[in-house]
Amino acid sequence: MSRIIVQLTDSNFKEIVLNSVNQESKLFLVDFWAEWCNPCKVMIPILEDIAVEFDDILKVAKLNIDENPVTTKNYGIRSIPTLLLIRHGTVLSTKVGLLSKQKLQEFLKMYR
């Protein structure tokens with residue numbers, strides 16, 4: 001996976017996403033995914049492109065639901081891929097299911 005996408009775990013989620021003191025107030029786009037999920041695999045190159053294109057406003061991060069059940073449960077994730085848009089620990093929006101690059105770009109442009 002790309003180095004521009006942050007890998008999250010149950011143990012680092014709070015530190016990286018919830019407690020981050022980011023001077024730029026960037027958003028986090030957190031992708032809840034699993035290795036066995038084909039739509040999740042389709043999202044990988046889309047998220048890599050989004051991470052570069054929207055670097056000015058957000059940080060893209062991924063959390064494997066099978067390896068990190070605590071955070072998955074805390075956010076009530078029941079279907080994947082699920083994308084959470086988070087700022088200062090608050091979920092601003094949720095997108096469930098496979099999104100095209102165009103749909104994701106249109107959605108994120110509201111926050112630019």
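**Note on side-chain contacts in the predicted model**

1. In this predicted model, Arg-112 and Asp-56 form a salt bridge in which the closest N and O atoms are 2.9 Å apart. The two residues come from distant parts of the chain, 56 residues apart: Arg-112 belongs to the segment after helix H4 (101-109), and Asp-56 to the loop between H2 and S3. Arg-112 is partly exposed, at 47% relative accessibility. Asp-56 is likewise partly exposed, at 46%.

2. Another joins the side chains of Asp-55 and Lys-26, at 3.7 Å from N to O. Asp-55 sits in the loop between helix H2 (38-53) and strand S3 (58-64), and Lys-26 in the loop between helix H1 (13-18) and strand S2 (27-33), so this contact ties together parts that are 29 residues apart in sequence. Asp-55 has a relative accessible area of 40% and is partly exposed, whereas Lys-26, at 14%, counts as buried.

3. A further salt bridge pairs Lys-62 with Asp-31, with 2.3 Å between the closest N and O atoms. Because Lys-62 lies in strand S3 and Asp-31 in strand S2, the pair ties together parts that are 31 residues apart in sequence. Both Lys-62 and Asp-31 are buried.

4. Turning to the aromatic residues, the count comes to three aromatic pairs. One of them is formed by Phe-32 and Tyr-75, whose ring centres are 6.2 Å apart; with 50° between the planes, the pair is tilted. Phe-32 is part of strand S2, while Tyr-75 is in the loop between helix H3 (69-74) and strand S4 (82-87), so the pair ties together parts that are 43 residues apart in sequence. Phe-32 is buried, with a relative accessible area of 0%, and Tyr-75 is partly exposed at 26%.

5. The rings of Phe-107 and Tyr-111 have a centre distance of 5.7 Å, and their planes stand at 70°, so this pair is edge-to-face. The cut-off that matters here is an angle over 60 degrees. Phe-107 counts as buried at 8% relative accessibility, whereas Tyr-111 counts as partly exposed at 26%.

6. Which residues do ring pairs link into a cluster? The cluster consists of Phe-13, Phe-32 and Tyr-75. Within this group, the pair of Phe-32 and Tyr-75 is the tilted one described above.

Notes:
Residues are numbered from 1 along each chain as its sequence is written. This is a predicted model: local features need pLDDT of at least 70, side-chain atom pairs count only at pLDDT 80 or more; totals for chains, interfaces and linings use all residues. Side-chain values use heavy atoms; hydrogens and water are left out. A salt bridge is a side-chain nitrogen of Lys or Arg within 4 Å of a carboxyl oxygen of Asp or Glu. Helices (H or I, at least four residues) and strands (E, at least two) are DSSP runs, numbered from the N terminus. Buried means under 20% relative accessible area, exposed over 50%, partly exposed in between (1.4 Å probe, protein chains only). Rings of Phe, Tyr and Trp (its six-membered ring) pair if their centres lie within 6.5 Å; planes under 30 degrees apart count as stacked, over 60 as edge-to-face and the rest as tilted.
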